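Notebook open, model loaded. I'll jot down what I look up as I go.

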Amino acid sequence: MSQPVLKIENLHVAIEGKEIVKGFDLEIHGGEIHAIMGPNGTGKSTLASALMGHPKYEITEGKVTFLGQDLLEMEVDERARAGMFLAMQYPSEIAGVTNSDFLRTAINARRGEGNEIPLMKFIKKLDEKMALLDMGEEFATRYLNEGFSGGEKKRNEILQLMMLEPKLAILDEIDSGLDIDALKVVAKGVNAMRSPEFSCLIITHYQRLLNYITPDKVHVMMQGRIVKSGGPELAERLEAEGYDGLKKELGIEEEEGTVEQEA
Amino acid sequence: MATEMKNLHYDTSYLENFSGRRGEPDWFLDLRKKGLELAQTLPLPKPEKTRIIGWNFTQFEHELPTRTVDAVADLPENVRSLIGQGEQSGNLLVLHNGSTAYATLSEDLKAKGVIFTDLATALRDHGDLVKKYYFSKAAKLDAHKLTALNAALVNSGLFLYVPKNVDIEVPLQAVFWLDHDNGGLINHVIIATEANSSVTYVENYLSTTNSGQAVANIITEVYVGENARVQFGGVEYLSSDVTTFINRRGYVGRDGNLQWALGQMNDGDLITETYSELAGDGSSVDTKAVSIGRGTQKQNFVNRIKHYGKNSTSNMLIHGVQREEAQAIFNGITKIEHGASKSDGEQTQRVLMLSSKARGDANPILLIDEDDVVAGHAASVGRIDPIQLYYLMSRGIPKNEAERLIIHGFLEPVVSQLPIEGVKEQLAAVIEGKVQ
Ligand SMILES: Nc1ncnc2c1ncn2[C@@H]1O[C@H](COP(=O)(O)OP(=O)(O)O)[C@@H](O)[C@H]1O
Ligand SMILES: [Mg+2]
């Protein structure tokens with residue numbers, strides 16, 4: 001098999017001195033879609049944020065290789081330009097910066113000086129992707145995520161994904177807070193990206209989204225590491241039995257202070 | 001007889017000569033003399049938390065060389081680039097060192113009785129009308145030394161008059177351009193609108209001096225008639241050698257509406273106040289202002305609103321960026337007087353600090369003498385949010401570019417309000433230049 005797109009080895013991540021991700025391993029190859037499922041508070045967002053380079057998360061141990069490069073040595077923007085994309089669980093709002101100015105700046109940052117995307121080509125692409133995501137034209141001129149509803153923010157993350165065409169997309173709870181129609185729209189966007197050059201890591205609490213985007217592999221994360229991996233059937237089993245059945249099977253004890261809460 | 005002011009080489013005979021050569025009416029000369037007298041006795045203004053002792057407000061050359069041009073094309077590029085194109089051109093006044101260099105007003109507006117001319121011309125042709133508004137309800141001559149000085153030595157100015165029921169669709173533009181080292185721009189702008197009229201006015205202050213000694217003393221009076229509407233856009237980029245005093249004052253009649261959109265992008269030391277008096281019932285004002293401080297510049301921004309009328313509404317949005325070793329104080333004062341029932345005053349002041357050596361203070365003040373009102377304020381001084389920066393960078397945007405986007409976004413509320421494309425672009429370009 002070819003070199004993996006992403007290779008994570010024994011990753012440990014701490015936030016404010018507290019270790020959250022504890023020895024995480026994963027390999028994703030070109031064209032694969034992986035899903036990570038797990039109870040709330042188990043470290044899924046921490047993993048995703050650490051991979052993107054969020055300033056608050058500290059990597060205490062481990063190695064991550066992205067397209068043959070040492071990911072942990074790269075700045076956030078370098079990671080993005082190398083082809084990584086994170087659809088965030090809680091995207092920021094930036095007042096005064098229109099969605100379309102932001103997107104054009106991001107695309108041009110990737111293309112480099114002297115190779116900027118022609119304006120007409122950009123507008124055409126933006127119109128096309130917004131239509132596919134059922135987004136009204138006004139979203140191009142609205143300020144980035146400002147005053148967007150939860151669902152609109154999620155759609156806007158997928159819009160960015162489609163405009164930026166990364167090699168690896170990490171989707172952190174892209175399904176939370178979406179009704180079934182919106183979920184289908186988001187899935188349509190992701191499915192439209194599917195190709196041997198595009199890999200995806202879907203982080204979710206529920207199996208629901210996986211009805212619309214069929215993953216190649218499913219991993220269950222608990223207490224900061226992967227505790228079980230399998231195919232799409234693993235997601236269905238979790239949906240039927242919940243996480244408790246798996247915990248019992250694997251002999252995992254509730255940790256002191258870990259409280260289950262709805263996202 | 002000669003009332004020699006300390007550090008100021010002017011006396012009444014100088015004023016008589018100066019005024020006589022300009023053909024000014026007697027009442028105006030009288031106000032000059034009164035101003036000169038008061039300028040010697042009145043104290044400087046006392047801007048809170050900014051020491052202005054030692055700032056040069058009085059040393060400057062008063063009579064400046066000027067030139068006129070026949071066409072916009074003959075103006076220098078930095079002036080020309082500001083000027084509206086197409087539908088936004090045609091009503092323009094360019095003052096070079098205080099005197100008209102170029103003026104144009106559409107026949108349509110002339111026919112409707114609109115007056116748009118420099119102050120000296122207005123005094124000759126419409127003296128009585130100017131008298132009605134000059135240092136009238138909006139501004140006081142005897143407020144302090146600098147207002148008196150303005151009256152004594154005014155050498156530049158503009159008079160805009162909009163008669164009753166006249167709606168002006170296109171913007172009127174003025175450019176005040178100072179290019180004389182050690183020059184003193186003593187400017188007085190009057191905008192007077194009658195009932196049920198509307199106008200959009202945009203002014204630019206531009207200096208290309210570099211002596212370290214120039215002075216700008218600017219008073220602006222805006223009269224909003226009953227049920228009239230005035231949109232006032234202003235962009236200032238006076239250079240670092242200009243010490244500046246700017247006092248803009250609006251007086252709003254019943255159901256009148258005044259909107260200020262100010263880009264205060266000067267590079268020199270500055271004290272400025274934008275004051276709006278909501279005199280009439282149902283009157284409203286919207287004040288939006290942005291600024292960038294850099295270098296070692298010291299600035300004091302006061303935005304003040306007074307509610308007298310019932311059901312009067314005010315909004316204030318002040319955004320300032322502070323870089324390098326710049327210091328600035330932002331005071332937002334909303335006062336609701338007794339009797340101004342059912343009024344609503346809201347203010348927000350935000351300061352974005354880009355350097356650990358810069359200083360910025362935002363002081364929100366609400367003074368309320370009436371029970372039946374709504375009022376609110378928000379003020380903050382902070383740095384660029386690292387999480388916002390992370391979000392933009394996660395899309396591949398380099399850090400400095402991401403910061404630029406955030407700063408432009410922070411100043412956008414005013415940039416987007418400016419009604420002339422050239423002025424908008426120029427402000428965006430000045431912002432760009434100032435944040436690099
Ligand atoms: N900014 C933070 N400060 C302190 N603790 C945090 C922070 N973010 C997350 N945590 C903690 O880290 C743990 C894992 O959180 P997270 O990665 O968001 O879990 P998940 O995405 O799996 O729901 C939780 O116990 C949470 O409280
Ligand atoms: Mg999460």
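Which residues does Ala289(B) touch, not counting residues up to four places away in sequence? I get Leu262(B), Gln264(B), Leu317(B), Ile318(B), His319(B) and Val414(B), with contact meaning heavy atoms within 4.5 Å.

Ground rules before I go on. This is a predicted model, so I take local features at pLDDT of at least 70 and side-chain atom pairs only at pLDDT 80 or more, while totals for chains, interfaces and linings use all residues. Residues are numbered from 1 along each chain as its sequence is written, chains are lettered from A and ligands numbered from 1 in the order in which they are written, and side-chain values use heavy atoms, with hydrogens and water left out.

**Ala289(B), continued**

I find Ala289(B) in strand E13 (residues 284-293) of chain B. Helices (H or I, at least four residues) and strands (E, at least two) are DSSP runs, numbered from the N terminus. Ala289(B) has a relative accessibility of 4%, so I log it as buried. My cut-offs for relative accessible area are under 20% for buried, over 50% for exposed and partly exposed in between, with a 1.4 Å probe and protein chains only.

Next I went to strand E11 (residues 257-264) of chain B, where Gln259(B) sits. Its relative accessibility is 14%, so Gln259(B) goes down as buried. Leaving aside neighbours within four places in sequence, I list Arg229(B), Val230(B), Gln231(B), Phe232(B), Asp286(B) and Gln417(B) as the contacts of Gln259(B).

Asp255(B) is in the loop between strand E10 (242-252) and E11. Asp255(B) isn't a glycine, yet its phi is positive, about 55°. At 37% relative accessibility, I count Asp255(B) as partly exposed.

**Around H1(A)**

Eight of the nine residues of H1(A) are buried, so I note the helix as mostly covered. The buried set is Lys44(A), Thr46(A), Leu47(A), Ala48(A), Ser49(A), Ala50(A), Leu51(A) and Met52(A). Just after H1(A) comes Gly53(A), with a positive phi of about 100°.

I also checked Glu16(A), which is in the loop between strand E1 (6-15) and strand E2 (18-28) of chain A. Glu16(A) has a positive phi of about 45° without being a glycine. Its relative accessible area is 74%, so Glu16(A) is exposed.

**Chain A totals**

I count eight helices and 10 strands in chain A. The C-alpha trace spans about 60 × 40 × 40 Å along its principal axes. For 263 residues, a compact globule would have a radius of gyration near 18 Å, and chain A agrees with 18 Å; this is taken over C-alpha atoms, and the globule rule is 2.2 Å times the number of residues to the power 0.38. Buried residues make up 52% of chain A. Of its contacts between residues at least 6 apart in sequence, 69% join residues at least 24 apart.

**Chain B totals**

Chain B has 10 helices and 19 strands. Its C-alpha trace spans about 65 × 50 × 50 Å along the principal axes. With 436 residues, the globule value would be near 22 Å, and the 21 Å of chain B agrees. Of those 436 residues, 61% are buried. Among contacts with a separation of 6 or more, residues 24 or more positions apart account for 82% in chain B.
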